[in-house]
Amino acid sequence: MVIHQLQATYLTEQDRILIRLNAHAGEELRLWLTRRMVKNLFPHMMEARTELVAAQTPIESHDGTSSHELMQLKKQEALQQADFSTPFNTQASVLPIGGEPLLATTVHITPVEDGSLRIGFEEKIPGIGGSRSVEVTLGQQLLHGFLHLLESALQHAGWGFSLVEIDELNHNSTDAFASAVPPRYLN
């Protein structure tokens, strides 16, 4: 499935984020993300995104720009090229995992050699026989767009955190460790 469009919408009555992914072939995948899942999953996705960008640009810039700053530049470049004005096509002809959105209870994130990120969403609900799963691969541009749409949905959710805060917290803790002054021992 080649993803053509993404949509992330916070639904108040469900207190969840509905993720919809469209393909050129008229297929649509629907996923629910809970507050707990977003809060636990996305620090890992953002770390993987930073690592993917760093792998694509292994040398730091001549002016001393860090890999985090280079990732921010790549993100801005991807968002400038993205099309956020075209309405999401809601007329899907094929729903490969069914009409009811998959409730993501387990997520697997795997970096791919070509600079993409493979994300596997699984629904395992105790007491209900069987499980559903779907796997998508997001290139860097789609990944940046997906995280941007998710951040927008989080603003509407009012869950008390944002992806930007999570990213800055991860970046600052790494910087604090890297720039820590070693202790001095005085006799």
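I began at β6 and β7, which run antiparallel and are joined by 7 bridges. The model is predicted: local features need pLDDT of at least 70, side-chain atom pairs count only at pLDDT 80 or more, and totals for chains, interfaces and linings use all residues. Residues are numbered from 1 along each chain as its sequence is written, and side-chain values use heavy atoms, with hydrogens and water left out.

**Overall layout**

I listed 4 helices and 7 strands for the protein; these are DSSP runs numbered from the N terminus, with helices (H or I) of at least four residues and strands (E) of at least two. Along the sequence they follow β-β-β-α-α-β-β-β-β-α-α. The protein has 187 residues, and 39% of them count as buried; buried is under 20% relative accessible area, exposed over 50%, and partly exposed in between (1.4 Å probe, protein chains only). I noted an accessible surface of about 11100 Å², with 52% of it belonging to carbon and sulfur atoms (Shrake-Rupley, 1.4 Å probe, only the protein chains shown counting as cover for residues). I then took contacts between residues at least 6 apart in sequence, and 55% of these join residues at least 24 apart; a contact means heavy atoms within 4.5 Å.

**The sheet**

I looked up the strand order of the open 3-strand sheet and found β5-β6-β7, paired antiparallel; strands pair if DSSP finds at least two bridges between them. On average, neighbouring strands here are turned by 15° against each other, direction ignored (axes are lines fitted to C-alpha atoms, with angles from 0 to 180 degrees between N-to-C directions). β5 and β6 pair over 6 bridges, also antiparallel. I checked individual partners: T106 bridges to E122 in β6, and F121 bridges to V134 in β7. The hairpin of β5 and β6 has 5 residues between the strands, and G115 in this hairpin takes a positive phi near 95°.

**The core**

Which residues have the most contacts inside the largest nonpolar core? I found I17, I19, L33, V38, F42, M45 and F121, in a core of 38 residues. Such a core is a set of buried Ala, Val, Leu, Ile, Met, Phe, Trp, Tyr and Cys residues joined through side-chain atoms within 4.5 Å. Elements giving two or more residues to this core include β1 (3-11), α1 (35-56), β6 (117-123) and α3 (140-157).

**Buried residues I checked**

E123 lies in β6 and counts as buried at 12% relative accessibility. I found a polar atom of the E123 side chain 2.8 Å from the backbone nitrogen of L103. Beyond four places in sequence, E123 touches P101, L102, L103, T105, S131 and R132.

G120 is also found in β6, buried at 8% relative accessible area. Leaving aside neighbours within four places, G120 is in contact with T106, V107, H108, V134 and E135. I also took the C-alpha to C-alpha distance from G120 to A104, which is 9.3 Å at a separation of 16 residues in sequence.

R20 lies in β2 and is buried at 13%. The R20 side chain makes a polar contact of 2.7 Å with the side chain of E28; a polar contact is a pair of N or O atoms within 3.5 Å, where within protein one must be able to donate a hydrogen and the other to accept it, and residues adjacent in sequence count only if both atoms are side-chain atoms. Among the residues that R20 touches beyond four places in sequence are Q5, L6, Q7, F88 and T90.
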